[in-house]
Amino acid sequence: MKFAWIDIRSVAPEQVAAVVDAAVHARLDGIVDSHSEVLATLPPTVRKVLLPAGAATADTKAKAKGEKTKDGKADAPRAGEAPDLLAVTITDEQELNALRLKFLAGDKSATAYVEVTDQRTLDLACGAATDLPYTVVRFRDPTKIPLEIVIAAADRSEGRLICEVGSVEEAEIVVGVLEKGSEGLLMAPSGVDDVFKLAELLAAKTEPLDLTSLTVESIEHSGMGDRVCVDTCTHFEKDEGILVGSYAHGFVLCVSETHPLPYMPTRPFRVNAGALHSYTYGADNRTNYLSELQAGASVLGVGADGRTRRIAVGRVKLESRPLLTIKAKSPEGVEVSLTVQDDWHVRVLGPGAAVLNVTELKAGDQLLGYTPTDKRHVGWPVAEFCIEK
């Protein structure tokens, strides 16, 4: 599960209270500041992370814990003032070893902050992420290669890696690096909107679908029309495609061109989806017309077992071709219709991930599909009277 810390050190003073309230309301994991007295005001539902400006000195560490400083004076915090985590900026192996010893001595909250600027600091970040419970990394350069290296180095570690990002857009990229991203994000928001956008990003996931078997009732040649190929930015699995249908209440699982056929190479990124009027079922219980899709949009990849994932669209090809209309029905009697290109290389999936050529379908054949119960208006579910036929 991904989590986020909101860094309020650089937030405008007049916005700090609102940003903190938003982070607490959005149930983000932690708040980061350089002043323990500010962190002391936070509710117990949020993690308090003290990140002093610059390297944390011995006196800074002692004050954070209420211990005696070098001058012998105690700076005991008020009840609840001590932070949950003290992030120590490390710049060399000696400082990293000190944190390692702290962890081995029983401190399960040992936290390192590393700014990666070269190979030496990259190695330092890898060492911290491998050995410590928490490691925050900041990368000077825009390339994500160093992050990939740190993620790979810490892959089997029980520690948690937090990557500092400069925006919600960068956060979206970071969570997908090496398909797993860092466990956590650290971001200094420009305002309340950024906090909620970050929370929405972390919450974004696609739920599995309960697919059903559809029984083919008829196959009809429909003459010429425009069909849409959806070319994506991913490699589909052999049992994976997208849901397409003429009605918003019924979809057929159209498989990608992953499976070999004579006369043409496989195109595992493509789904020959259907006629341009067709709906495709997407994330958030939203439908889109195939005609609406374009480069940069997203579709919902769906496996034969119901698993789902968001997939980026790289291109959409609309061409005039002979068409075929498939009509089917669910066990509950829901009528489903799909119009596709009338050609052997267009395929749909059946139960057990069986790959079926549309031109060879016959009445009684079983297809995999999905039958949501919502009516639709501009793709969104709506409670209103609507008939599609």
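Reader: What is the handedness of the crossing of α5 and α6?

Author: In this predicted model, α5 and α6 cross in a right-handed sense.

Reader: At what angle do α5 and helix α6 pack, and how far apart are their axes?

Author: The angle between α5 and helix α6 (residues 145-153) is about 30°, and their axes are 8 Å apart. Angles under 35 degrees count as roughly parallel, and α5 and α6 are therefore roughly parallel to each other.

Reader: Which residues in α5 and α6 meet?

Author: From α5, the residues are L122, A125, C126, A129 and T130, and they meet P146, I149, V150 and A153 in α6. By class, the contact of α5 with α6 has eight nonpolar residues, one polar and no charged.

Reader: Turning to α4 and α5, how do their axes cross?

Author: Helix α4 (residues 93-104) and helix α5 (residues 119-131) have axes that come within 11 Å and cross at roughly 0°. The two helices, α4 and α5, are therefore roughly parallel to each other.

Reader: And which residues of α4 and α5 meet there?

Author: E93, L96, R100 and F103 belong to α4, and they meet L124, G127, A128 and D131 in α5. The contact of α4 with α5 divides into four nonpolar, one polar and three charged residues.

Reader: What about helix α1 and helix α8: what is the crossing angle of their axes?

Author: The axes of helix α1 (residues 13-25) and helix α8 (residues 192-203) cross at roughly 15° and come within 8 Å. Consequently, α1 and α8 are roughly parallel to each other. Their crossing is right-handed.

Reader: Which residues in α1 meet α8?

Author: Q15, A18, V19, A22, A23 and H25 in α1 do so, with V192, V195 and F196 as the α8 residues. The contact of α1 with α8 comprises seven nonpolar residues, two polar and no charged.

Reader: A change of topic: how many cavities of 30 Å³ or more does the structure hold?

Author: The structure holds three cavities of 30 Å³ or more. The largest cavity has a volume of about 80 Å³.

Reader: Which residues line the largest cavity?

Author: The lining of the largest cavity consists of E257, H259, L261, M264, P265, T266, R267, H345 and R347.

Reader: How does that lining of the largest cavity divide by class?

Author: The lining of the largest cavity has three nonpolar, three polar and three charged residues.

Methods: Residues numbered from 1 in each chain as written. Predicted model: local features only at pLDDT ≥ 70, side-chain atom pairs only at ≥ 80, totals over all residues. Heavy atoms only, no water. Axes fitted to C-alpha atoms, helices over the stretch in contact; angles between N-to-C directions. Helix = DSSP H or I, 4+ residues; strand = E, 2+ residues; numbered from the N terminus. Parallel < 35°, antiparallel > 145°, perpendicular 65-115°, else oblique. Contact = heavy atoms within 4.5 Å. Nonpolar A, V, L, I, M, F, W, Y, C, P; charged D, E, K, R; others polar. Left-handed = near helix turned anticlockwise from the far one by under 90°. 1 Å grid on protein atoms, 1.4 Å probe; cavity = no way out; pocket = protein on both sides within 12 Å on 5 of 7 lines; lining within 4 Å. Points joined across faces, edges and corners; volume = space filled by probe spheres on them.
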